[in-house]
Amino acid sequence: MSSYIDNKELLKKNDPELYNLIKLEEKREFEGMELIASENYVSPSVFACNGSILTNKYAEGYPGKRYYGGCEHVDKVEQLAIDRLLKLFPGATHANVQPHSGCPANDITYAAILNPGDCVLGMDLGHGGHLSHGHPVTKIAQTYRFVRYKMKNIDTGEIDYEALRETALKEKPKLILAGFSAYSRDLDYAKFKAIADEVGAITMMDIAHIAGLIAGKELKNPFDYGFDIVTSTTHKTLRGPRGGIIMTSNAELAKKIDKMTFPGMQGGPHMHTIAAKAAAFAEAATPEFQEYAAQIRKNAKAMEVVFKKRGVRMIAGGTDNHLFLIDTMTSFDTTGGEAESALDAIHITLNKNAIPYDLRGPFDPSGIRLGTPAMTTRGFKEAEFTRTAEIICDAIEAKNDTAILKELAAEVKAMCIAFPVPGV
């Protein structure tokens, strides 16, 4: 049996147009600074699995209960991913590794445990929540009745737990949902659980952004506080392939979730991606990954020091995890779109983002969101992130000064070249 052929060279020969586009993205990533809070770089092992021969295999069903033949090897791959995932998150007794991404994982969970019209209490998008937590523009908002909780103080990030409790008592949600995409403080899981128990609600936490920090023992595990369900992506801080997972500590919910995943909402699982998940879960169980998770937070704190010195308004006043939400209108008299463009010009990639009570539109809101996971993977430590925070402030302040931006771009490129992208 021959070894794998050089697929890159074949692509170059057979489809040079596509090959060249991929090479341009490779160059962009290599020479630029990735600060999008939800992005990361995968290891060569994850790359190898995601581009493996497993992409050829259909495997509808679950290990040992497939609707296709020839699954004796992929059964073991999927079971390995499940077993490794459960070790990462003590308290979970069942895991489904088939969801294709985070939003499908959440949608599957809702469909498994809710009936149309049931009430869900989740974090308001404008206060750090996620579209998949019931924003009115989504399809799920037409199926279930979502009510929302917010921060009590956007300068400290404190959740208004008393208002959350009052809403729960009034609305009687069937599901209380924790989790976020632009919230930089830790959550009080015990309070969520106490409120849910008081109203008889199921508890669910979407850990997509902080899964790696939990696995790396830097942040609390929701299962330690009695949460029923935890969903996540497998990329972001967990540093795996793009995919989703659902875990639970409840045997009855596990049956419903599996049935709703397949055949309820998905067909054949992506076995190459599940293998890549298994590789990432193994990496996340190592002491080196714990060091990585700790460094993510150290690097974020280094940036926080600079932002405070420069008078930058950070929503929630700073960060306890890996990300920042920054009010650029107050800090720099600059919209989020303008700030994003200025930073794009110097090879720093992040995203414009709405802030609480934002009066601007989503394509040019009042803030930006950034995070430390990806550049921490490349080896940045406190010194590099301190300088990065300074460069961000300088670039936004000089957004119309081509000469200054050119100088900053050269510095950013030099910094990035010194810390290569894994596997490139």
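Colleague: In which helix do E31 and K27 both lie?

Modeller: This is a predicted model. In it, E31 and K27 form a salt bridge, with the closest N and O atoms 2.9 Å apart. The two residues are four positions apart, about one turn of the helix, and both belong to helix 2.

Colleague: What is the N to O distance in the salt bridge of R28 and E34?

Modeller: Side chains of opposite charge can pair when their charged atoms come close. R28 is partly exposed at 36% relative accessibility, whereas E34 is buried at 5%. The side chains of R28 and E34 meet with an N to O distance of 3.8 Å.

Colleague: How many residues apart in sequence are the parts that R297 and E218 tie together?

Modeller: The side chains of R297 and E218 meet in a salt bridge of 3.2 Å, N to O. R297 lies in helix 12 (residues 287-309), while E218 lies in the loop between helix 9 (211-215) and strand 11 (229-233), so the parts tied together are apart in sequence by 79 residues.

Colleague: Which residues do salt bridges that share partners join into one network?

Modeller: R28 and E34 are already paired through their side chains. Shared partners bring E25 into the network, which consists of E25, R28 and E34.

Colleague: How many salt bridges does a search of the whole structure find?

Modeller: The search of the whole structure gives a salt bridge count of 27.

Colleague: Which residues make the nonpolar surface patch of about 380 Å²?

Modeller: One of its members, L21, lies in helix 2 (residues 16-31). L21 has 51% relative accessibility and so counts as exposed. The patch is made by L18, L21, I22 and L24.

Colleague: Which residues are buried in helix 16?

Modeller: Helix 16 covers residues 382-397, 16 residues in total. From its first C-alpha to its last, helix 16 reaches 23 Å, close to the 22 Å expected at 1.5 Å a residue. Its buried residues are F385, T388, A389, I391, I392, C393, A395 and I396.

Colleague: What is the radius of gyration of the protein chain?

Modeller: The C-alpha atoms fill a box of roughly 65 × 65 × 40 Å along the principal axes. The chain has 424 residues, so a compact globule would have a radius of gyration near 22 Å. The protein chain agrees with that, at 22 Å.

Colleague: What share of the 424 residues is buried?

Modeller: The chain comes to 17 helices and 16 strands. Of the contacts with a separation of 6 or more, 74% are between residues 24 or more positions apart. Buried residues make up a share of 54%.

How values were computed:
Residues are numbered from 1 along each chain as its sequence is written. This is a predicted model: local features need pLDDT of at least 70, side-chain atom pairs count only at pLDDT 80 or more; totals for chains, interfaces and linings use all residues. Side-chain values use heavy atoms; hydrogens and water are left out. Patches are made of residues with over 30% relative accessible area and no salt bridge: like charges are joined within 9 Å, nonpolar side chains (Val, Leu, Ile, Met, Phe, Trp, Tyr) within 5 Å. Accessible areas come from the Shrake-Rupley method with a 1.4 Å probe; for residues, only the protein chains shown count as cover. A salt bridge is a side-chain nitrogen of Lys or Arg within 4 Å of a carboxyl oxygen of Asp or Glu. Buried means under 20% relative accessible area, exposed over 50%, partly exposed in between (1.4 Å probe, protein chains only). The expected span of a helix is 1.5 Å times one less than its number of residues. The radius of gyration is taken over C-alpha atoms; the globule rule is 2.2 Å times the number of residues to the power 0.38. Contact means heavy atoms within 4.5 Å.
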